[in-house]
Amino acid sequence: MDNTFKRVFLVVMDSVGIGEAPDAEQFNDKGADTLGHIAEHMNGLQMPNMGQLGLSNIREIKGIEKAVSPKAHYTKMEEMSNGKDTMTGHWEIMGLYIDTPFRTFEEFPKELIDEIEQRTGRKVIGNKPASGTAIIDELGPEHMETGALIVYTSADSVLQIAAHEDVVPIEELYEICEMCREITLDEKYMIGRVIARPFIGEPGNFERTSNRHDYALKPFGKTVMNYLKEDEYDVIALGKISDIYDGEGVTKEIRTKDNMDGMDKLVASMDEDFTGLNFLNLVDFDAKYGHRRNPQGYGEALEAYDKRLPEVLDKMQDDDLLIITADHGNDPIHHGTDHTREYVPLLIFHNGVQEGKELPLRKTFADIGATVAENFNTKRPEYGTSFLKDIQ
């Protein structure tokens, strides 16, 4: 197998947008600027390693010096699909175009709630958009008394079910979520993910556990990951990547607890001998800080991630490729608790880069998938233009 790069490491900084997209106004996101607003709030972001790769060369960000000689090639990408959620962004990265956005709900329809109650024999409480930690604080005591399921949603296309592990055993919660996944495959719901959200503890001191499980729709077509697997390449999914693609195209799944655990697992996997794709999602930026509109926490998480980057760069072999990007924005200064329609950064590093150059603006996230496919000489999806020749 004659590949330019033997191993490709793809890191998605979940929700780390780099300024409003041209069509942001259509998504009620005019003025959104995740990185820019966080940097202003922090009076400058301390991210020297991302700076040296060329983050501020894409566009200047307060506190991050523009690299005179960037270590990586750099540009930004525009989303082609009609949406701004995690699944749409990730599916597009791997070569799909999503025309019809997944549905979001302020409140799930009565017929859906009635069917959940009837099929589980448990009442449903909640049924509203909420922070996962806030809703278990609010409804956890009632759930423990009655055994009712806490059902809630968010700005994403998700139906989440929270239950105490001592009240609803993990296996039962998973079975309930699988049943809900089956029900919500109906086109009238078009819900992207059903998520099991188990927790433990006592009222006033509840804590979510790492037994979360996502039940996603299967991608609507074959992705680059499918083609890699079919050609017997490795596709290692770190964090929630396997859930996002419902396991499609994945040869090895490694769960992570948070961003730092994700970086630990990434660094550890760089010691393994494999040929193919290693795909990591860093979820905390989005889940813990973006949706909760916490610019301080978001900024500190970005700086903590940046401190870990040298460990990754030091382990890069001469036939390794590192791609760092994002899947949408989630500006913590912007209104609401929703994702934001933004450009995403694209940084491409390998040991052979003498001096990084600015690549043309990418008109679709699928250019990443096209590049990976060309590198491994696999079948390419319909969408995306490879930039492989531009980075050699």
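**View 1. H339 and the backbone of K84.** In this predicted model, a polar atom of the H339 side chain sits 2.9 Å from the backbone oxygen of K84. H339 belongs to the loop between β12 and β13, and it counts as buried, at 1% relative accessibility. Setting aside neighbours within four places in sequence, H339 also has contacts that include D29, D85, A155, D156 and G329.

**View 2. The annotated binding site.** UniProt, in an unreviewed entry, puts the feature "binding site" at D286, H291 and H339. These residues are spread over 54 residues of sequence, yet they cluster in space, with a largest C-alpha distance of 8.4 Å.

**View 3. D286 and its surroundings.** D286 is part of helix α11 (residues 284–290). With a relative accessible area of 3%, D286 is buried. Beyond residues up to four places away in sequence, D286 touches D14, S15, T86, H291, H328, N330 and H339.

**View 4. The open sheet.** Here seven strands line up as β2-β13-β12-β1-β11-β9-β10, with mixed pairing. The edges are β2 (73–77) and β10 (252–254), each of which pairs on one side only. On average, neighbouring strands are turned by 15° against each other, direction ignored. Zoom in on β9 (residues 234–238) and β11 (residues 276–282): they run parallel, joined by five bridges, and L238 stands opposite L280 in β11.

**View 5. Helices against the sheet.** Helix α12 (residues 295–315) packs on the sheet and touches β1 (7–13), β11, β12 (320–325) and β13 (344–349). The α12 direction makes about 160° with that of β12. Helix α13 (residues 366–376) lies across β1, β2, β11, β12 and β13, and runs at about 170° to β1.

Note on methods. Residues numbered from 1 in each chain as written. Predicted model: local features only at pLDDT ≥ 70, side-chain atom pairs only at ≥ 80, totals over all residues. Heavy atoms only, no water. Pairing = 2+ DSSP bridges. Helix = DSSP H or I, 4+ residues; strand = E, 2+ residues; numbered from the N terminus. Axes fitted to C-alpha atoms, helices over the stretch in contact; angles between N-to-C directions. Contact = heavy atoms within 4.5 Å. UniProt positions renumbered as here; feature names shortened; annotations may be inferred. Buried < 20%, exposed > 50% of the residue type's maximum accessible area, 1.4 Å probe, protein only. Polar contact = N/O pair within 3.5 Å; in protein donor to acceptor, adjacent residues only side chain to side chain.
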